[in-house]
Amino acid sequence: MTKKILFLISSSLIISACSAEKSANGETALSNEQSKADKILDPLALEYIKLSLEMGEREAGYVDAYYGPASYKEEAQKSERGLEELGSAIDDLKARIDSIPSDGLSSLSQRRKDFLIAQLTAAQTRHKMLSGETLDFRTESLGLFGVTPDIKPLRDYDDVIEKIDAIVPGEGALPERINAFENQYNIPKDKLKLVFDAAIAECKKRTAQYITLPEGERFTLEFVTDKSWSGYNYYQGNYESLIQVNTDLPIRISRAVDLGCHEGYPGHHTLNMLLEENLSNDKGWKEFSIYPLYSPQSLIAEGSANYGIDLAFPNDEKIKFEQEILYPLAGLDPKTADAYQALQEARQDLAGVRFTISSQYLNGEIDRDQAIALTQKYGLVNKERASQSIDFTDQYRSYVINYGLGQKMVADFIENNASDQKTRWGLMEKLLSEPSLPDDLK
């Protein structure tokens, strides 16, 4: 009996050793494939960085973030290449990357290749626009961001407007009644920093429960004016961000958590840190040290940042936190929070309105005044906020799709593939840490 046991143990050890050797050999082969792919893609990725920086010299704001060598930026500033020649270089680089055989590439190397091709497709589209070519809304959004939304006629939202009309008190035009109602929930200017500090701290706390944040990560918060957006994250590299919040218009209490999550945790600040840590630093994929704004990367960034609000504050946790912490800090009555929350939830059914108005406006079907009027009517905002919304469309054009459509795509992807909170956060971290594209969400 003893000899039989010893034989079985010995056989088991041999089998285990063989399995371990086979596994190790497999991992080594995979590592070698990855290394070969990187040797091919690394110099092409460097070309992509330099071409993106040159595009940034042609258009202010094209490069949203860059934390690579300063010498590459200086080189781009000194480049004497004309716009037409730059376009040819983009076409050539994309063709060379596209010609790399997929046979033998690891799945991650293939995703890296696909990412570079998608980003360069967006660069081609933006180059056409810089060269004076006029694209319709659908062609532009698809070329820049890899997807385009379904456009519903505005009349399809009339039933939603009627329902909201029935729950908002007062008399007169609905947008003005809503504005008057929501003004009760404005954060006093002298309380803004206090409220935002508390909101961002809670967003970070909830994110850090599931995602290990890089050591020494940090951000600076600034309040600014004269912007077309409500908030912006300028990633500086080395796990640091500048977060700006626009105070041109009164900031409602619900926006503190929204912007804290969207611009910070688990939104833009977290996304950029994870890309820097996992791809740019750990893997040496330096193409992730640059972020061209007009690219599929933005749909992932904006979509995950918007979905991150619901992920960090599921169910009624957001309103509970606001009532218990933020309302008192802002000097607002927490007993009225439910009424304000009910309106915010009702307005979610109007998310597609902005796509329709932006499409009509950018396609020349309506003028600016008409776009503002329709934004007032269907966006349920006053003229000042409607004008700011169209200012954004004037500046960023079809970029508006990344918020609503991006959020829906990210939410569907995570919610359909995870049944519990821990798994949802795991998928979110994976999405933020890899060369993700809109196609990965389908």
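Start by selecting Asn-402 and everything touching it: beyond its close sequence neighbours (those within four places), the contacts are Phe-145, Ser-298, Leu-299, Glu-302, Gly-303 and Gln-407. You are looking at a predicted model. Asn-402 itself belongs to helix H17, which covers residues 401–417. Is Asn-402 buried or exposed? Its relative accessibility is 0%, so Asn-402 counts as buried.

**Next stop: the largest cavity**

Across the whole structure, a search turns up two cavities of 30 Å³ or more. The largest holds about 50 Å³ of space. If you colour the lining by class, you will find six nonpolar, two polar and one charged residues.

**The second largest cavity**

For the second largest cavity, with a volume of about 30 Å³, select Tyr-48, Leu-51, Ser-52, Met-55, Tyr-62, Ile-90, Leu-120 and Ala-123. Which element gives the most to this lining? That is H1, with four residues. H1 and helix H4 (107–130) each supply at least two. Colouring by class here shows seven nonpolar residues, one polar and no charged.

**Along H1 to Asp-38**

Stay with H1, which spans residues 2–58, and pick out Asp-38 within that helix. Asp-38 has 13% relative accessibility and therefore counts as buried. What does the side chain of Asp-38 meet in a polar contact of 2.9 Å? Show the side chain of Arg-112 and you will see the partner. Setting aside residues within four places in sequence, Asp-38 is in contact with Pro-43 and Trp-285 as well as Arg-112.

In soluble globular proteins, nonpolar side chains tend to be buried together. Here the largest nonpolar core has 127 residues, and the members that touch the most others are Ile-164, Ile-187, Phe-196, Ile-253 and Val-257. H1 turns up again at this stop, giving the largest share of this core with eight residues.

Zoom in on Ile-164 and display its surroundings. Apart from neighbours within four places in sequence, Ile-164 is in contact with Leu-174, Ile-178, Leu-343, Ala-346, Arg-347, Leu-350 and Leu-380.

**An enclosed helix**

Val-257, one of those core residues, also takes you to H9, where it is among the buried residues. Select the whole helix, residues 254–264: ten of its eleven residues are buried, so H9 is largely enclosed by the rest of the structure. Besides Val-257, the buried set is Ser-254, Ala-256, Asp-258, Leu-259, Gly-260, Cys-261, His-262, Glu-263 and Gly-264.

**Last stop: a loop residue**

Finish at Leu-135, in the loop between H4 and helix H5 (137–145). Leu-135 counts as buried because its relative accessibility is 11%. Leaving out neighbours within four places in sequence, you can show its contacts by selecting Thr-125, Met-129, Glu-140 and Arg-397.

How far apart in space are Leu-135 and Ile-178, C-alpha to C-alpha? The separation is 36 Å, for two residues 43 places apart in sequence.

Notes. Residues are numbered from 1 along each chain as its sequence is written. This is a predicted model: local features need pLDDT of at least 70, side-chain atom pairs count only at pLDDT 80 or more; totals for chains, interfaces and linings use all residues. Side-chain values use heavy atoms; hydrogens and water are left out. Buried means under 20% relative accessible area, exposed over 50%, partly exposed in between (1.4 Å probe, protein chains only). A polar contact is a pair of N or O atoms within 3.5 Å; within protein, one must be able to donate a hydrogen and the other to accept it, and residues adjacent in sequence count only if both atoms are side-chain atoms. Contact means heavy atoms within 4.5 Å. A nonpolar core is a set of buried Ala, Val, Leu, Ile, Met, Phe, Trp, Tyr and Cys residues joined through side-chain atoms within 4.5 Å. On a 1 Å grid over the protein atoms alone, a cavity is a set of points where a 1.4 Å probe fits but cannot get out, and a pocket is an open set with protein on both sides within 12 Å along at least five of seven lines; lining residues have an atom within 4 Å of a point. Grid points are joined across faces, edges and corners, and a volume is the space filled by probe spheres set on the points. Ala, Val, Leu, Ile, Met, Phe, Trp, Tyr, Cys and Pro count as nonpolar, Asp, Glu, Lys and Arg as charged, and the others, Gly among them, as polar.
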